[in-house]
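User: I'd like to learn how to read side-chain features in a model like this one. Can you walk me through a few of them?

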Amino acid sequence: YERMHRGLGRFLTRAQLDKVRSDRLTDALRGMPGVKIVCNGQYCDVQSPGAASMFTRGVCQQTVVLDGVVLRGGGISGGGDPVDQLLNPFSLEGVEVYSSPSGVPVQFKGYMSPCGAIIAWSRR
């Protein structure tokens, strides 16, 4: 909440997640500035909007962190599980989205991909 009040990154609170009423996190993130939703078959994923122009081949996935644990190390390979398979919005208290590594909080910098991070916090 401290980072949200300082205006760093983009955030979804528990109340915002409840309004979406979907088991796909990408549905909650759709339309958020700095977020591009890419669907391929059954699942969707999040990609930084500038990633397609920065990298000519592959997909640049954001790192996904849940309660401080890296679930997917992002990067250009595009080989990790989609965010919709990793995080269920019904089990989350909040989500932070950073579209580039420069905005990611210091404590998570060691895990970052060139496309930033999705940092989620579980409900307790």
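User: Is Tyr-98 buried or exposed?

Analyst: This is a predicted model, so everything here is computed from it. Tyr-98 has a relative accessibility of 2%, and since the cut-off for buried is under 20%, it counts as buried.

User: Which aromatic pair does Tyr-98 form?

Analyst: Searching the whole structure turns up one aromatic pair. Tyr-98 sits edge-to-face with Phe-11, with 6.4 Å centre to centre and 85 degrees between the planes. Phe-11 belongs to strand 1 (residues 10-13) and Tyr-98 to strand 6, so the pair ties together parts that are 87 residues apart in sequence. Phe-11 also counts as buried, at 17% relative accessibility.

User: And how should I read the nonpolar cores?

Analyst: The general idea is that in soluble globular proteins, nonpolar side chains tend to be buried together. Here the largest nonpolar core has 18 residues, and Leu-25, Leu-29, Leu-87 and Val-95 touch the most other members. Helix 3 (25-29), strand 3, strand 6 and strand 7 (117-122) each give two or more residues to this core. A second, separate core holds seven residues, including Phe-11, Tyr-98, Phe-108 and Ile-119.

User: Which residues does Leu-25 touch?

Analyst: Leaving out residues up to four places away in sequence, the contacts of Leu-25 include Leu-17, Val-83, Leu-87, Val-95 and Ile-118. Asp-84 and Pro-89 are also among them.

User: What about Asp-45 and Arg-72?

Analyst: They form a salt bridge too, with the closest N and O atoms 2.8 Å apart. Asp-45 is in strand 3 (residues 43-47) and Arg-72 in strand 5 (residues 69-72), so you get a link between distant parts of the chain, 27 residues apart. Both Asp-45 and Arg-72 are buried.

User: Where do Asp-18 and Arg-14 lie?

Analyst: Both are in helix 2 (residues 14-20), and because they are four residues apart, about one helical turn separates them. Arg-14 is buried at 9% relative accessible area, whereas Asp-18 is partly exposed at 35%.

Technical notes. Residues are numbered from 1 along each chain as its sequence is written. This is a predicted model: local features need pLDDT of at least 70, side-chain atom pairs count only at pLDDT 80 or more; totals for chains, interfaces and linings use all residues. Side-chain values use heavy atoms; hydrogens and water are left out. Buried means under 20% relative accessible area, exposed over 50%, partly exposed in between (1.4 Å probe, protein chains only). A salt bridge is a side-chain nitrogen of Lys or Arg within 4 Å of a carboxyl oxygen of Asp or Glu. A nonpolar core is a set of buried Ala, Val, Leu, Ile, Met, Phe, Trp, Tyr and Cys residues joined through side-chain atoms within 4.5 Å. Contact means heavy atoms within 4.5 Å. Rings of Phe, Tyr and Trp (its six-membered ring) pair if their centres lie within 6.5 Å; planes under 30 degrees apart count as stacked, over 60 as edge-to-face and the rest as tilted.
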